[in-house]
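Please read it alongside the sequence and the model.

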Amino acid sequence: MTPCELREELLHRLARAVDPSDFAGALKLLAKRPEQQVRSGLIQWVLARWARLDSQAALAYAQALPTSRWRSSVLSAVLEGWVEKDSASAMKWLKDLPNGWEKNQLLQGAIGALTAQDPSIALEFLKSIKPSSATSVLRQMLFRQWAEKDPAAAAAAAQGNNDRGVLGCIAVAWSTADPGAAIQWVKSLPENQLRPEVIRSLCDSLVYVDPKLAGDLAISLPEGQSKNSAIASVVSGLADSDVNAAILWVQQLTNRSAKAEALQTLTAQLGQSDPQAAATLALSLGPGRARDTAVSALAGVWGSTDPASAAAWAQNLPAGTDHSQAMQQIVSAWAGTDPSAAANFVLSQPAGRLQSTLASTLVREWASTDAVGAANWAVENLAGGAQRDAVSLAALAWTRQSPVDAANFAASLPGGDTQNAAVGSILTSWAALDPASAATWVNEFPAGKLKDQSVQDLMIGWAIKDPVAAANWLQGLATDPSRDAAVGAFVGVVAHQDPVAAATWAASIGNDDERLFQMQNVARAWMDVDQSAARSWIQTSNLPDDVKARLLKPGG
């Protein structure tokens with residue numbers, strides 16, 4: 001008997017020793033015991049026994065407890081005993097409970113107890129309640145428990161079932177008792193898209209029982225992703241016990257795509273214990289997407305344990321391998337553990353596209369925990385497009401943490417592409433969180449292209465989220481190019497939803513060319529939703545006659 005089984009037996013004996021006339025007193029004493037695990041186990045045993053003898057008294061005790069996870073645990077124990085004594089009454093009480101978290105929790109314990117007693121009754125009960133994601137999980141639990149006890153009966157009850165999870169649970173449970181029978185059953189399933197998925201689930205389990213059977217079953221599947229995934233599962237299981245055997249098995253595969261996916265799986269798994277061997281295995285694949293994927297997977301694993309060695313390896317990958325993707329994986333992992341070392345590595349790379357990409361990868365990861373440090377590093381160490389992209393990423397992350405500080409940082413940058421990119425990123429995030437505050441900030445910008453572009457970016461998001469508030473802000477703007485830009489963006493968003501308002505706003509634009517452009521956009525949008533009203537507005541508008549004629553033509 002294992003220590004866990006011995007503990008359960010002792011708890012059971014102690015629960016049986018409690019005098020039935022003093023269950024409540026015993027529970028009161030047990031609640032004062034300091035050993036949480038023993039206390040909880042013994043209380044549940046006592047409650048289950050109480051429910052078997054007097055379900056209503058035990059239920060009253062449990063219901064008097066304050067609503068909490070502990071109360072749900074206590075009710076589950078009561079239900080377990082109640083189901084053993086009078087399953088019909090217990091399940092009727094449970095079925096009548098209001099839907100919610102507590103009912104879902106109680107259903108799990110009750111279905112388990114009822115399945116142990118009579119799985120066919122448990123199945124009928126589940127059929128009687130409204131289907132949901134919760135009942136789908138319960139059904140899978142029921143069939144797994146049933147199949148552990150009587151897989152043939154569970155399989156017969158599941159005939160015609162189209163739930164992949166249910167069929168997979170039966171196959172997995174059956175494979176531990178009788179692998180041959182489990183295989184025979186899954187092969188007898190109807191030939192549809194479910195069968196390969198069920199076979200794949202069986203392979204996941206069977207590889208730990210009989211690797212040869214699992215491998216033969218996976219290879220027998222029709223060509224396709226299900227076969228490739230089943231083979232990868234077998235390889236993963238084999239590698240848990242014997243990596244060399246897994247490699248040998250993969251090498252004898254003849255299907256190129258299945259072999260490539262299996263090698264990718266094996267490479268990532270082997271990379272955790274022996275990255276050098278995994279590297280050799282990855283490069284045994286010919287040049288192409290499969291090798292690149294395997295190399296990238298290894299880089300991510302190796303980069304999280306020994307990024308310096310992984311980086312040295314990645315820099316010397318043979319021609320024809322996408323070492324850029326591998327380097328990104330390594331830098332991303334490295335930035336999560338030692339951003340300063342990762343930054344030094346990035347700066348050691350030759351200036352160019354790869355360094356720029358790695359810098360963005362570094363800053364994206366770094367800024368998730370230290371946006372200030374990432375932003376300052378990018379400003380001080382990068383230039384040109386690399387600086388612009390990295391600062392933009394840092395500003396986006398910084399805004400989620402502290403938009404005002406991020407805004408002050410952007411304002412401190414010299415004018416140019418980097419500042420423009422930072423402002424755009426800040427507005428993208430800030431406008432979604434607090435558009436009014438973002439608008440106040442933008443309104444303080446000096447007149448110019450940055451302000452015009454900024455109010456456009458702000459207004460697009462704000463008008464989608466709250467067009468009334470966005471319109472109220474527009475009312476307070478002075479007539480200038482930035483107002484025209486903001487109104488144009490607003491009109492573009494609301495034209496289909498409220499063409500009357502959009503038309504009024506478009507007509508208020510100061511710049512003649514911009515006003516004409518936006519009024520035509522409103523006209524076309526309006527024609528999409530209400531041609532009669534749109535035609536009437538076009539005819540009475542101050543649009544030029546030739547523009548009116550063109551808009552009023554079909555397709556104009």
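What follows takes up aromatic pairs, then a residue in a helix, then a further helix.

The model is predicted, so local features need pLDDT of at least 70 and side-chain atom pairs count only at pLDDT 80 or more, whereas totals for chains, interfaces and linings use all residues. Residues are numbered from 1 along each chain as its sequence is written, and side-chain values use heavy atoms, with hydrogens and water left out.

**Aromatic pairs**

A pair of aromatic rings is described by the distance of the centres and the angle of the planes. Rings of Phe, Tyr and Trp (its six-membered ring) are taken as a pair if their centres lie within 6.5 Å, and planes under 30 degrees apart count as stacked, over 60 as edge-to-face and the rest as tilted. The structure holds 12 aromatic pairs, and two of them are set out here.

| Pair | Centre to centre | Angle between planes | Class |
|---|---|---|---|
| W82 and W93 | 5.8 Å | 45 degrees | tilted |
| W430 and W441 | 5.7 Å | 40 degrees | tilted |

The second pair joins two helices (helices are DSSP runs of H or I with at least four residues, numbered from the N terminus): because W430 lies in helix α26 (residues 417-433) and W441 in helix α27 (residues 435-443), the pair ties together parts that are 11 residues apart in sequence. Ring pairs also bring in F445, which forms a cluster with W430 and W441.

Are these tryptophans buried or exposed? Buried means under 20% relative accessible area, exposed over 50% and partly exposed in between, with a 1.4 Å probe and protein chains only. W82 counts as buried because its relative accessibility is 4%, and W93 is buried at 18%. In the other pair, W430 is buried at 6% and W441 at 10%.

**Q419 in helix α26**

Q419 lies in helix α26 and is buried, with a relative accessible area of 12%. Leaving aside residues up to four places away in sequence, Q419 touches A410, A411, L413, P414 and L450, where contact means heavy atoms within 4.5 Å.

**Helix α30**

Helix α30 (residues 481-494) has 14 residues and reaches 20 Å from its first C-alpha to its last, close to the 20 Å expected at 1.5 Å a residue; the expected span is 1.5 Å times one less than the number of residues. Because 11 of its 14 residues are buried, α30 is largely enclosed by the rest of the structure. Among the buried residues of α30 are R483, D484 and F490, and the buried residues pack against α28 (449-465), α29 (467-475), α31 (499-507) and α32 (512-529).
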